[in-house]
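User: I am new to this structure and would like to go through it in questions and answers. Please start with how the chains meet.

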Amino acid sequence: MNENNIVIETKDLTKRFGHFTAVDHITFNVHEGEIFGFLGANGAGKTTAMKMLCGLSKPTSGSGKVAGYDIGKQSELVKRNIGYMSQKFSLYEDLKVWENIRLFAGIYGMKDKDIAIKTEELLSRLGFESERNTLVKSLPLGWKQKLSFSVSIFHEPKIVFLDEPTGGVDPATRRQFWELIYQAADRGITVFVTTHYMDEAEYCNRVSIMVDGVIEALDSPVNLKKQFGVNGMEDVFYKLARKAKRGE
Amino acid sequence: MIKYLIEKEFKQILRDSFLPRLIIGYPIIMMLVLPWAANLEIKNINLSVVDNNHSQYSRQLVQKAVSSGYFRLTDISYSYDEAIKSIEKGDADVIMEIPANFEQDLVKQGNAKLLITANTVNGTKGGLSSSYLSNIVMDFTTDIKDKWVQPVKAASITPTIKIVTQNRFNPHLDYKVFMIPALMVILLTVLCGFLPALNIVSEKEKGTIEQINVTPVSKLSFIVAKLIPYWIIGFLVLTICFGLAALVYGITPTGHLITIYFCAILYVLAISGFGLVISNNSETMQQAMFVMFFFMMVLILLSGLFTPINSMPQWAQTITIFNPLKYFIQVMRAVYLKGSGIMELGKQIFALTLFVVFFNSWAIISYRKKS
Amino acid sequence: MKQFLSFIRKEFYHISRDKRTILILLGMPIVQIVIFGFAITTEVKDVRVAVFDPSKDEVTQKIIEKLDANEYMNVVSVIDHPEDVESVFREGKADIAIVFNQHFSENFLHTGDASVQLITDGTDPNTATILTGYVTNILSSVQQEISGQSKASFSITPEVKLLYNPGMKGVYNFVPGVMGLILMLICAMMTSISIVREKETGTMEVLLVSPVKPIYIILAKAIPYLVLSAINLITILLLSVYVLGVPIAGSLTLLFAVSLLFILVSLALGLLISTITKTQVAAMLASGMVLMLPVIFFSGMIYPTENMPVVLQWISNIIPAKWYIICVKKIMIEGLDISFVLKEIGILSVMAITLVVISLKKFNDRLE
């Protein structure tokens, strides 16, 4: 992790839908190589904020930079340097495993030869060789999830954005998934992940906690626990979230 | 980059369980079946006769009507009321009532009356039935006049105009020749209009579109990659139709197929572009389908396929100026029947090109990667 | 019962929230009626006539004048060579060409042997026939004027009576067709899509584990579309009577009753489609393309079924819309009472029962 290199920064980033302010003037930085947890209850504004960072949504006010490019004015340049994985693990269900890899790798500008080589590597690393020709819709959930993640970092982007990547998956699979995240971080890829699983918060370098559109806390899990005088991240979250007016 | 997208589109279409069969099967079925149905000629009119005269003349008249080929004698009723019941039941379309004094009146006074009653719920049919029958009666008059009346001395020659009719391009006035090129247009429109419309919306519904939006894929690439498969499908469908038209109906184009293919390129691009515009602006597949269906219906009705554009009121004719189908149908019919070439179709080609540019620009602009 | 009502309410919410579809569902009949009522006509107007006149004498001039004076026709071009006729047609500049021979008046008055060639653009057979008729009429009337012939001394005069629709308005034929089409569209297509969507999204399972019997779930889905259809039916009838001037000659109650029967058939058809298809797309394509086009072509709505080969006439007998359209014509336009539509009602009832039984059975099978 390189603390001197800031890959994501925002200043008073805001998103309003009519009278409703989903994201309210958030300001924060993320360092290169960091595993940054973006926490919050459902409805807190996490996904909205992430969509702005990825260039999927236009900020109402405020500014942000991802990989050095402005998210409002240079979103297409931002997209060249990031990877993304959504809650739905959006791969094409009617395409085979290798076809999905090839599609997205090609979109990010990789050459056919490189794609072929890396695909082999990936399939063997994940133990997917026998599933190379399986349609994604036939894969079990945990495999889809791993594949989705691998596709999102296949082109070695600077940053990868993960939106609730472990929803609906059993704890053992989740832990395997986080192994993959660690490996990616070790290679220098910054990981920006939203989640509402508090135990996953412990795996991050730093976390921020959003409540009602505002970042109420931002620090390493160790410091946060000390700050709130509790033993686990759930308790940190609970103390903050009690104030929340939105969400479930 | 676009090559990967195009690969994906093709694979998805081919792998779908329903689509490939639809693309091949639908045109075949429609081409084989519809031309037999789409026929506005009026034939086999059900005639009910009430003959109160029972004379040689009346019988000859009825004979003449039946042998004309337009009519089918369904019954001979004893009274007019009975015949009316026939119409009400739907068994008869037109009644000819010959009065009791028919023959006597003709021989003694030189003129007689009779009654033709037509069911005009179908206005065209009713009108045509009664005029066919009236014409037959006129003919009959001439027939018996020649036999019975002394020919006037040859001194005075009544000036007559002899009329010779010739129907160009479709000498036998075969309705199929008129309909089949137009049917091809419909098939092309339905397949190349509906399918792209559903395409983008289905990606929206599944969520894969978000994954694309987050990549550096440009709007242009995305749209073009979606269009190209439909372009190719369009050609495939058209070729199948040409083949069937020739094999099954013996209808081959008088002009060059190249002209049609060229205009078809433009037309399919225009229609697919329109489909994509609808897709971009719909949230669910049902919405897309409905909007498309609505426009398709209006465009097909106001295209000159079923009824001539010249017969429409001014406001409708103005609307047809903005209807791509109209121009392509004109092209199809002109090339198939009249042998028109690209030179003569300048106006249509120009209009189609405008549509291509308009719809596809709109499709690209309305596709938003960012909301 | 309360559960049933809450299901119905849920279905209404679904529908009312999709504004665009509702707009189209309610607006489509209006647009169709307007188009069918005013724009779709086989009347031939604005005929463009091209003339080749080598004689240029009084008779030909008289004929040309009379043609031009006719409200439906316009002499748009004068050709110099008879061969130009082809290109005039190919460029789409004229619909009919009149070719006189030389010394026309002379021949006409003295040898009785003037001849005229009428060349039509035969692309559209009906138009060609009608045009030929128009011009022939004009030629005959000129002939009669000049020769001053009095009424033929030997004639049979037919008195022509046109029943139900003396104005021969095409509209009378179309309105019942539009009714059949719209009702079929809404009931079959919408119901099938609605059911399949629940299957696709998985919410069907949630409904099925509730204490409400499956039959009520289906009914709850059908009822809003029934209401929509009723609204559309009323709209169409109002438009027909007040905007198009098509009267309702028979019993309104009977009309509604028959329509209800047809709606039932269409709903059952929609249910059947929903049991066969797995995805919304398939349901839509099945009801949209597979159902719609045959109805338009084979129900007798636009193209008369009598002209079709026997095989196709058999097919048209299976299409419920055909029988419904016949009923509507008889009741609405001919003003007949129920005894004349017994056959059609019978057929529709049989279809309704058969479809309902089959589709319910298939639906229950699918659940297992």
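This is a predicted model: local features need pLDDT of at least 70, side-chain atom pairs count only at pLDDT 80 or more; totals for chains, interfaces and linings use all residues.

User: Which two chains have no contact, and how far apart are their closest C-alpha atoms?
Analyst: Two residues are in contact if their C-beta atoms, placed from the backbone, lie within 7 Å. No such contact joins chain A and chain C. Their closest C-alpha atoms are apart by 14 Å.

User: Among the two pairs of chains that touch, which has the most contacts?
Analyst: In one pair, 17 residues from chain B meet 23 residues from chain A. In another, 90 residues of chain B are in contact with 89 residues of chain C. Of the two touching pairs, the one with the most contacts is chains B and C.

User: Which element supplies the largest share of the side of chain B that touches chain C?
Analyst: Helices (H or I, at least four residues) and strands (E, at least two) are DSSP runs, numbered from the N terminus. Elements that each supply at least two residues to this side of chain B include helix 2 (19-37), strand 4 (111-119), helix 6 (123-148) and helix 7 (175-206). The largest share, 11 residues, comes from helix 6 of chain B.

User: How do the residues of that side of chain B divide by class?
Analyst: Ala, Val, Leu, Ile, Met, Phe, Trp, Tyr, Cys and Pro count as nonpolar, Asp, Glu, Lys and Arg as charged, and the others, Gly among them, as polar. On the side of chain B that touches chain C, the division is 47 nonpolar, 30 polar and 13 charged.

User: Why is chain A described as being as compact as a globular protein of its length?
Analyst: Chain A has nine helices and 10 strands. The radius of gyration is taken over C-alpha atoms, and the globule rule is 2.2 Å times the number of residues to the power 0.38. For 248 residues the rule gives 18 Å, and chain A counts as that compact because its own radius of gyration is close to this, at 18 Å.

User: What share of the residues in chain A is buried?
Analyst: A residue is buried if 20 or more other C-beta atoms lie within 10 Å of its own, exposed if 12 or fewer, and partly exposed in between, with C-beta atoms placed from the backbone. Of the 248 residues in chain A, the buried share is 45%.

User: In strand 8 of chain A, which residue is the bridge partner of L162(A)?
Analyst: Strand 7 (residues 159-163) and strand 8 (residues 190-195) of chain A pair in the parallel sense over five bridges. The bridge partner of L162(A) in strand 8 is V193(A).

User: How are helix 5 and helix 6 of chain A oriented to each other?
Analyst: Axes are lines fitted to C-alpha atoms, for helices over the stretch in contact, and angles run from 0 to 180 degrees between N-to-C directions. Helix 5 (residues 141-153) and helix 6 (residues 171-186) of chain A pack at about 10°, with axes 10 Å apart. Angles under 35 degrees count as roughly parallel, over 145 as roughly antiparallel, 65 to 115 as roughly perpendicular and the rest as oblique. Helix 5 of chain A is therefore, relative to helix 6 of chain A, roughly parallel.

User: Is L255(C) buried, exposed or partly exposed?
Analyst: L255(C) is in helix 10 (residues 252-276) of chain C. Beyond its neighbours within four places in sequence, its contacts include V328(C) and I331(C). Because 18 C-beta neighbours lie inside 10 Å, L255(C) counts as partly exposed.

Technical notes:
Residues are numbered from 1 along each chain as its sequence is written. Chains are lettered from A and ligands numbered from 1 in the order in which they are written. Two strands pair if DSSP finds at least two bridges between them.
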